[in-house]
Amino acid sequence: MSQVATAAIPARETAPDAFTRADPAAATGQLAGPLPQIDNTREVAPADARELSRLFLVRLRELEEGTREYQYARNTLIEMNISLVRFAARRFAARINAGIEIDDVIQVGTIGLIKAIDRFDPEREVEFSTLALPYITGEIKRYFRDTTWAVHVPRRLQELRLELAKSQDTLTEVLGRAPSVKEIAEHLELSEEDVIEGLVAANGYTSDSIDSATGATGATERTAARREGRPLSDTVGDVDPAMALFEDFHTLAPLLRDLDERERKILRMRFAQEMTQSEIGAELGISQMQVSRLLTRILTHLRTGMLTA
C-alpha cells in the first residue's frame with residue numbers, strides 16, 4: 001500500500017505569500033481574493049471546514065493546475081475533508097475487524113476523495129459531501145472486491161455473488177425457507193446455469209486453514225465441530241495407491257494380449273496360482289531352468305513395453 005499512500009495523501013504545501021492568514025470563521029464569507037492560510041486543518045470545526053471547502057473548491061477552478069497556489073488549495077481540501085473518508089470507512093467496520101488494515105482502507109478512500117475534489121463543479125450548487133461520499137465508498141468497495149477474495153474469480157462473478165446474497169436474503173424472508181436455484185434464477189431473471197456458476201464462485205471468497213475444524217455454515221455447527229476436534233485435513237483425500245495400480249494394469253493389458261497362449265499360461269501359473277518354477281516345469285514338461293529363462297524373457301518384454309508406453 002505504500003504506492004497508494006504516496007498517491008493518496010500528498011505532502012503538505014506551505015501557503016504561498018499571496019495567501020492571507022485568516023481566522024476560518026472570518027474567511028467563510030470569502031468567495032474571491034486570496035485564500036486563507038490554514039496552519040492546522042485538524043483544528044477547523046466541521047461547520048467551518050464545510051464553508052472553507054466551498055471557498056477552496058471555487059478558487060481551485062480559477063487557479064492554474066500545477067502552480068503552488070493550486071497545489072496548496074488542493075492539498076488543503078484533502079486534509080480538511082479526510083474526516084469524510086473516516087466516516088465512510090466506519091461503514092466497513094466488520095470487514096476491517098476481520099483482518100483488513102484500517103490504514104489501507106483510509107488510503108484507498110482518500111483516492112476517492114481526491115477524485116471528487118478534481119471533478120466537483122461548484123456551479124451545480126450541490127454539497128461537496130453529497131458527491132464525495134459515493135466516490136469514497138466506491139473506491140473502498142472496489143478495494144474489498146479486488147483484494148479480499150481468497151481465490152481470484154472474474155469480476156462478473158464477484159458482482160454476481162452480491163446479487164445472489166441479496167436475493168437469497170429477500171426470498172428467505174418471503175418464502176420462510178432457503179430458496180432453490182430455480183427460484184433465485186427467476187427472481188434475478190438469470191439462467192439456472194448462471195446462478196449455479198455464481199454460487200460455486202462464491203466459495204472462493206474465503207478460505208480456511210487445513211488445520212481448522214470442519215463445520216458447514218452455521219456457528220453452532222462450527223462450534224460443535226471444534227468440540228469434536230476434527231480438523232479439515234481429516235476430510236481431505238490422500239494419495240490412493242490403487243490409482244497407480246490401476247494405471248499400471250491399464251498399460252499392461254494390451255501387452256499381455258500380445259503374448260502367445262503358452263507365455264500367458266506361464267505368467268498365470270507363476271503369479272496367479274503362485275506355483276514354483278519346478279511345478280510349472282513339471283506341468284509343461286520342461287526343465288526348471290527353461291521356465292526361469294522364459295519368465296525372464298517375458299517379464300523383460302513387459303517391463304520394456306510399460307516404460308515406453
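Reader: What are the ground rules for numbering and confidence?
Author: Residues are numbered from 1 along each chain as its sequence is written, and side-chain values use heavy atoms, with hydrogens and water left out. The model is predicted, so local features need pLDDT of at least 70, side-chain atom pairs count only at pLDDT 80 or more, and totals for chains, interfaces and linings use all residues.

Reader: What does the chain average in pLDDT?
Author: The average is 77, and 72% of the residues score at least 70. pLDDT is the predictor's confidence in each residue, from 0 to 100.

Reader: Where does pLDDT stay under 50?
Author: Over residues 1-32, for which the model has 63 contacts beyond four places in sequence; contact means heavy atoms within 4.5 Å. Over residues 216-227 the pLDDT is also below 50, with 12 contacts beyond near neighbours in sequence. Where pLDDT is low, the predicted coordinates should not be read in detail.

Reader: Pockets next. What volume has the largest pocket?
Author: About 920 Å³. A pocket is an open set of points on a 1 Å grid over the protein atoms alone, where a 1.4 Å probe fits, with protein on both sides within 12 Å along at least five of seven lines; lining residues have an atom within 4 Å of a point. Grid points are joined across faces, edges and corners, and the volume is the space filled by probe spheres set on the points.

Reader: Which residues lie nearest its centre?
Author: A49, R50, S53, M80 and N81, out of a lining of 34 residues. The largest share of that lining, 10 residues, comes from α3. Helices are DSSP runs (H or I, at least four residues), numbered from the N terminus.

Reader: How many aromatic pairs?
Author: Two, by the rule that ring centres of Phe, Tyr and Trp (its six-membered ring) lie within 6.5 Å; planes under 30 degrees apart count as stacked, over 60 as edge-to-face and the rest as tilted. F56 and Y72 are tilted, at 6.0 Å centre to centre and 55 degrees between the planes. F56 is in helix α3 and Y72 in helix α4, so this pair ties together parts 16 residues apart in sequence.

Reader: And F120 with F128?
Author: Their ring centres are 5.5 Å apart and their planes at 85 degrees, so that pair is edge-to-face.

Reader: Are F120 and F128 buried or exposed?
Author: F120 and F128 are both buried, meaning under 20% relative accessible area, with exposed over 50% and partly exposed in between (1.4 Å probe, protein chains only). F56 and Y72 are buried too.

Notes:
Helix = DSSP H or I, 4+ residues; strand = E, 2+ residues; numbered from the N terminus.
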